[in-house]
Amino acid sequence: MTETDLKKCPQPPIKKLEARLLPGEIVVNEVSFVRKCIGADSSHGDLWGKLICTNFKVSFITHDALPMQRFQVANRLLGEHDVPLACVEQVVTVNDAKGKQKVLCSNQKLKFNPTELILYCKDFRIIRFRFDEAGPQSAKKVCLAIAHYSQPADPQLLFGFEYVGKQYYGSLGERVNGVDPGGGLQMPLFDRPSEWDREIKRTGAAEWRVCSINEGYVVSPSLPEYFVVPVSLADQDLKQYLCFFTAHRIPLWCWNHPNGSALVRMASISDPLQQRKLDQRICSAITKSHPQRSDVLKSDLDKNLPNIQDIQAAFVKVRQICVIEPFEESEEKWLSSMESSRWLEYVRAFLKHSAEVVYLLEGKHVSVILQEEEDRDLSCVVSSLVQLMLDPHFRSLTGFQSLVQKEWVMAGHRFLDRCNHLKKNDKEESPLFQLFLDCVWQIINQYPAAFEFTEMYLTVLSDSMWIPVFSTFLFNCPQQRTENSMDFAKSKCIPVGGEKALRFPPVWDWSQQFTPKDQALFNNPMYVGKGATCVQNGAVKSFRRTKKNYSSTLRGMPSSLRNILMDGHDSLTLTRRNSLVSRLKPDFSQIREVVESPTERFFRDWVSRPADLQGMLIPQLLPSHLALWRLYFLRWVPEASIPKGGPVTAYHKLSQLADEVEKLQSQLRQYKGATPASTKTSTPSAPPSDHSRMYFKAGSTHASSSTPEYLSSSFPFSPVGNMCRRSILGTPLSKFLNGAKIWLSTETLANEAL
């Protein structure tokens, strides 16, 4: 073909590099000819494209494909190379020629033209871009824009407000396409009395009622509009008491045990003169709600657990060890560093304290009050863990989500402050929700068949904290959401019709982020829960929870243990737990010679029997039983990724097996339900409809004896392009960042040579 012929041939159009924008999203700045660093030590495999900053995310658009790309779950709200601005922890610019670097803050000036941009992310990613071929002024503007928009000065500048206003509301106040944010959810949000009523009935809390004195948040801005209190406490009494509690946070009911014991949480009493009188009145009301009129014990969480600053410091150290420092898991130094971070020590402390509360509720039949200064941080963790250990309902996916909604969102956990979305006060930042999820993972790791959801679900849930379109993680309390939504709607002239304010979608509608196929990754193939099917003697049956096996640990328990009162020195400790287990093995006769405390006897009795997955679950707390949550902390670290290895390989095989069982069950149902009249239309050989809950299916293209090539211990995430921490101009990052409080020092480093 001649050159003339080539010119006559139609050339394929060159696709423009443009960001995919969500409703309400606008492009703020962009720069072309940017290189995204992929390799740790060379530019081989790096991608070329356009770097874009919007009011929602940092987006890198390229036509190139990632080298050696494994598998990565696709998020409907984000592209493959996108980072939400809320996920950006620090923005660092580097100039090679001048040997300078600077941590950019909002509204700061940049005196040099950057040759490199490093984004340190809250989900542990480190992403690097090079501007070798880009326009220097355009590169500088993009860096400044990212720094500015990742540090909003006001909650209403968070992208969720623009998104909700455009996505769900039309010009006349009608729903866009009839969409109701969260309207199709099959779970309670606890924003109306009827949902609290159902929870009261579900738990059998007959002596408790829904209270509405906080409608319109007139009593306490941090409490929900509706909550549950003892029947014996009148509204008038509550209004008299509230002024004596910190932030007017009067006691809140959390949950009722089938034996009548209640779990309650409350803030501290601010007036010392009223302390004894109020304690007596509150405890008396809770005692009256118990069918046996049992005692009420109080647990002071501020005295017994680490504070939010300690938890934040431990989290920072773990991030430093897992991400910044060179990864050598086998090295003794790495393991000792992990221990010295105290993160797992704090995880164990919360699990241990929660187990002690479980003992009080289950073993002693007494009600427990969790007391904290403001009742918005530590109590969220402990109350949730206690209910998770005692109530199998909360180990289902829907139940777990309702637990988080009830004990975190509606109870007023300060997500805005603890996530530091506005980056105003580092002292208020603390990863309490991540700590809770780690505690949940530890229990799942020990009892994997007891939970309907997987660790992939927990990880994705944590990542959703940094996507600022969901009401779940954006605000400090429901009242703050309502107030800011009303103000924003007025300022933008958004008609909301008959509603009080904009309705943000909750994170629990996972179809906003993932396809039904990807959501199947949340489902645990080993789960044996209420209504889970099994095959017995050729018949399809279901596991059902009865009140009897719900409290199975009471079977065979000495009657003296049930009514014992706990003294101040009795506590579940690691050494006692270890000594009990070790004594059981060598010589059973020695046990009779040792005087056991009621707590020790209770847990020894429980450990000696097979765990009832639909009953009480107590995590084992020896150091060997607690592990680092690898998928969360190490998923982006290439050195930690195990090709065709890790827990996902078992998940792959079990999912296929569960899918095959479902298909066999479907055929059994067809055999059992077939009648002479219906035989022609319903036969066992007919292919069942594809309603499998499993991601990996039996008989699929991947259903072979070998593990799929794309599987790794990081699945469904990929380290490729998400962790680039190579040395900067010969200086190791670990030395460069030594002593950093978060990632880097927030001081300007522009005058220091590299």
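**Entry 1: the model.** I am working with a predicted model, and I kept that in mind for each entry below.

Entry 2: In which order do the strands of the open sheet lie? I found 8 strands in the order 4-3-2-1-8-7-5-6, and their pairing is antiparallel. Strand 4 (83-84) and strand 6 (100-104) are the edge strands, as each pairs on one side only. A reminder for myself: strands of a sheet pair through backbone hydrogen bonds, either parallel or antiparallel.

**Entry 3: strand 5 and its neighbours.** Next I picked strand 5, residues 88-95, which runs antiparallel to strand 7 (residues 116-121) and is joined to strand 7 by 6 bridges. I looked up two positions here: V94 stands opposite E116 of strand 7, and T93 stands opposite L117 of strand 7. Strand 5 also pairs with strand 6, again in the antiparallel sense, over 5 bridges. On that side, T93 has K102 of strand 6 as its bridge partner. Strand 5 and strand 6 form a hairpin with 4 residues between the strands. In this hairpin I noted G99, which takes a positive phi near 65 degrees.

**Entry 4: how covered is strand 5?** How many of the residues of strand 5 are buried? I found 8 of its 8, and strand 5 is described as mostly covered.

**Entry 5: a helix across the sheet.** Then I turned to helix 2, residues 136-149, and asked which strands it lies across. The list is strand 1 (27-36), strand 2 (47-54), strand 3 (57-62), strand 5, strand 6 and strand 7. Helix 2 runs at about 120 degrees to strand 1.

**Entry 6: two helices that cross.** Two packed helices are described by the angle between their axes and the distance between the axes. I looked up both values for helix 10 (residues 343-363) and helix 11 (residues 378-390): their axes come within 9 Å and cross at roughly 55 degrees. Helix 10 and helix 11 are therefore oblique to each other. Their crossing is right-handed. On the helix 10 side, the contact includes F350, L351, V357, V358 and L361. From helix 11, the residues in contact include L378, V381, L385 and M389. What classes of residue make this contact? I wrote down 13 nonpolar, 2 polar and 1 charged.

How values were computed:
Residues numbered from 1 in each chain as written. Predicted model: local features only at pLDDT ≥ 70, side-chain atom pairs only at ≥ 80, totals over all residues. Heavy atoms only, no water. Pairing = 2+ DSSP bridges. Contact = heavy atoms within 4.5 Å. Axes fitted to C-alpha atoms, helices over the stretch in contact; angles between N-to-C directions. Parallel < 35°, antiparallel > 145°, perpendicular 65-115°, else oblique. Left-handed = near helix turned anticlockwise from the far one by under 90°. Nonpolar A, V, L, I, M, F, W, Y, C, P; charged D, E, K, R; others polar. Buried < 20%, exposed > 50% of the residue type's maximum accessible area, 1.4 Å probe, protein only.
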